[in-house]
Amino acid sequence: MADDATLAYPGLGERLASVRAEIADAARAVGREPDDLTLIVVTKFHPAALVTELIAHGVRDVGENRHQEAQEKADAVADPALSWHFIGQLQTKKARQAARYARAIHSIDRERLVDALDGVGTPLDVFLQINLTDDPGRGGVAPEGLEALVERTLRAEDLRLRGVMAVAPLEEPPAAAFERLAQYSDRVRTLAPEATAISAGMTHDFREAIAAGATHLRIGSAITGKRPDPR
């Protein structure tokens, strides 16, 4: 494990350790095993150097939500032990490019995106993003379209459906939103029993997500610190 004194981001290791401890406490509080949770550190707007230091601190899963930024960082940090998770809205025309560096895409929200990824040539984990609001402009498939999207994804040659993903709306308590997400996960598993993963929970609501069954947590600023201005 790296020593913060030798690195360019002092405090990074302490923040990471603190978040890991909070995750473990939240998991045990609801009778879950901390080792069953995957922490994805979101490095939005931070340079590739930060990713390198995260690796030195034992991080093996990193998330990005902008394709160009993710691609540049993946090119700069060539570590086969690192898994890149694409967690943002993905344009259909950029889908195959994202599949070259990402081991998982958490934002599958339409059949056209599945069509674009079908036959990418290498196994790719995918999560179906569900819109937990009534606003069709928000990212995610509407709940009434969920089963059709599951069926299309299951027919894709190289896609492995891992489960569901969502962002809790700010206008309601996260616990209520994540309870609905867990119910949508149950619906998915009636068609794909192996799709047990739930990607949910960020810096401000990961405890509620854990209580609702989240398996993959997407946490950024609590670990990385304040984000730089967008490039």
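This report walks through a predicted model of one protein chain, from its overall build to a handful of residues inside it.

Residues are numbered from 1 along the chain as its sequence is written. In this predicted model, local features need pLDDT of at least 70 and side-chain atom pairs count only at pLDDT 80 or more, while totals for chains, interfaces and linings use all residues, and side-chain values use heavy atoms, with hydrogens and water left out.

**The chain as a whole**

Let's start with the overall build. The chain has nine helices and eight strands; helices (H or I, at least four residues) and strands (E, at least two) are DSSP runs, numbered from the N terminus. Its C-alpha atoms fill a box of roughly 50 × 40 × 30 Å, taken along the principal axes. For 231 residues, a compact globule would have a radius of gyration near 17 Å, and the chain agrees because its own value is 17 Å. That radius is taken over C-alpha atoms, and the globule rule is 2.2 Å times the number of residues to the power 0.38.

Of the 231 residues, 51% count as buried. Buried means under 20% relative accessible area, exposed over 50%, and partly exposed in between (1.4 Å probe, protein chains only).

Now to a residue in strand 4 (residues 102-108), His 106. Is His 106 buried or exposed? His 106 counts as buried because its relative accessibility is 0%. Its side chain makes a polar contact of 2.9 Å with that of His 85, and another of 2.9 Å with that of Ser 199. A polar contact here is a pair of N or O atoms within 3.5 Å; within protein, one must be able to donate a hydrogen and the other to accept it, and residues adjacent in sequence count only if both atoms are side-chain atoms. Leaving aside neighbours within four places in sequence, the contacts of His 106 include Ile 40, Phe 127, Met 165 and His 216.

**Asp 109, in the following loop**

Asp 109 is found in the loop between strand 4 and helix 5 (111-117). Asp 109 is buried, with a relative accessible area of 12%. The side chain of Asp 109 has a polar contact of 2.9 Å with that of Gln 89 and one of 2.6 Å with that of Arg 110. Beyond four places in sequence, Asp 109 is in contact with Gln 89, Gln 129, Gly 140, Val 141 and Leu 149.

Helix 2 (residues 48-56) has Ala 48, Leu 50, Val 51, Glu 53, Leu 54 and Ile 55 as its buried residues. What do the buried residues of helix 2 pack against? Their partners are helix 1 (12-29), strand 1 (38-42), strand 2 (61-64), helix 3 (67-76), strand 3 (83-86) and helix 9 (221-224). After helix 2 comes Gly 58, with a positive phi near 95°.

Phe 45 lies in the loop between strand 1 and helix 2, and its phi is near 70°, a positive value in a residue other than glycine. Most residues other than glycine have a negative phi. Phe 45 counts as buried, at 14% relative accessibility.

**Around helix 7**

Leu 181 sits in helix 7, and among its contacts beyond four places in sequence are Leu 132, Met 165, Ile 198 and Ser 199.

Leu 132 is placed in the loop between strand 5 (124-129) and helix 6 (146-155). Besides Leu 181, Leu 132 touches residues including Ala 177, Arg 180 and Tyr 184. Ala 195, in the loop between helix 7 (174-191) and strand 7 (197-199), touches Leu 161, Arg 162, Gly 163, Val 188 and Arg 189, not counting residues up to four places away in sequence.

| Residue | Relative accessible area | State |
|---|---|---|
| Leu 181 | 1% | buried |
| Leu 132 | 7% | buried |
| Ala 195 | 0% | buried |

Notes: Contact means heavy atoms within 4.5 Å.
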